[in-house]
Amino acid sequence: MNVPKHIAIIMDGNGRWAKKRFLPRIAGHIKGAEVLRKTVRFSGELGLEYLTLYAFSEDNWKRPEEEVQGLITILRNFLAENTKEMVQNNVRVNIFGHIEDWPKDIQEALRKICDMSRSNTGIVLNVALNYGGRTEIVDAVKKIAGQVKDGLISVEDINERIVSDAMYTAGIPDPDLLIRTSGEMRISDFLLWQISYTEIFVTKTFWPDFSKKDMLEAIEDYNKRERRFGGILSSGK
Ligand code: IPE
Ligand code: IPE
Ligand code: MG
């Protein structure tokens, strides 16, 4: 089995998982955090190089205060309980998104997990937290405009490479496969620039039920795809 280099996952369906069990939505998020931890572990074992997980979008602040507070508590506990283990397991962590909107202690814990894991050589785990795909593009445009203003580059120099290097994913290859759990057929503002030729796999499984089996099913399906990137295959197909 050919394991792609980079898999991105929209971890969706925590609320519906809980509803089905007559539990509060937050119970789905708690189970979801546990599944995230397991997913990182088996992804590393599978030999995946990059795993990018959509954990909280900038639009998720619109949810009821109680749910947002619950998610903040889960994030706080997750970092307290898992930072050491992840660093020891050679996981390298990056955070994509505006971390300054999180409470101070969480900002510190996020910086700590990134700093402590910086020289790790195992799987690269990118966690999109308070992330927006359009915001990422706006941030990149500002960065490039600044470079032009400072005379570092000219407008004519701007190309795809320069834009890619201004994204949060600078230096990281585009995802080969994007998985969305819980059946929704949409992107919800995730990695808009990076997924231009990414293969998409949507599973009906709710995120708290996601397992290694679902991941392998997605990878198997990916292996059957013909990636053409706008060209034709050498077989002439
Ligand atoms: C994904 O599950 C987790 C977050 C967006 C934080 P949801 O909470 O969106 O679950 P559903 O889509 O309501 O079932
Ligand atoms: C996308 O899921 C964001 C995350 C999984 C973190 P949402 O549940 O927020 O997306 P919509 O509202 O269904 O588009
Ligand atoms: Mg959802």
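**Two ligands, one at a time**

Start with ligand 2: around it are I10, M11, D12, Y54, A55, F56, S57, N60, R63, R180, R186 and S188, where near means that one of a residue's heavy atoms lies within 4 Å. Before going on, the ground rules. This is a predicted model, so local features need pLDDT of at least 70, side-chain atom pairs count only at pLDDT 80 or more, and totals for chains, interfaces and linings use all residues. Residues are numbered from 1 along each chain as its sequence is written, chains are lettered from A and ligands numbered from 1 in the order in which they are written, and side-chain values use heavy atoms, with hydrogens and water left out.

Back to the ligand 2 shell. It splits into five nonpolar, three polar and four charged residues. Here Ala, Val, Leu, Ile, Met, Phe, Trp, Tyr, Cys and Pro count as nonpolar, Asp, Glu, Lys and Arg as charged, and the others, Gly among them, as polar. Which element gives the most to this shell? Strand β2, residues 50-57, with four residues. Strands are DSSP runs of E, at least two residues; helices are runs of H or I, at least four; both are numbered from the N terminus.

Now the polar contacts, meaning pairs of N or O atoms within 3.5 Å. A side-chain N or O atom of R186 is 2.8 Å from an oxygen atom of ligand 2. For N60, a polar side-chain atom is at 2.9 Å from a ligand 2 oxygen. For R180, the distance is 3.5 Å. The protein buries 78% of the 390 Å² that ligand 2 exposes when taken alone. Those areas come from the Shrake-Rupley method with a 1.4 Å probe.

On to ligand 1. Its surroundings are M11, D12, G13, N14, G15, R16, R25, H29, A55, N60 and R63. That shell has two nonpolar, five polar and four charged residues. The largest share, three residues, comes from α1.

What does an oxygen atom of ligand 1 lie 2.7 Å from? An N or O atom in the side chain of R16. A polar backbone atom of G15 is 2.9 Å from a ligand 1 oxygen, and one of N14 is at 3.1 Å. Of the 380 Å² of accessible area that ligand 1 has on its own, the protein covers 87%.

That's both sites. Questions, please.

Conventions:
A polar contact is a pair of N or O atoms within 3.5 Å; within protein, one must be able to donate a hydrogen and the other to accept it, and residues adjacent in sequence count only if both atoms are side-chain atoms.
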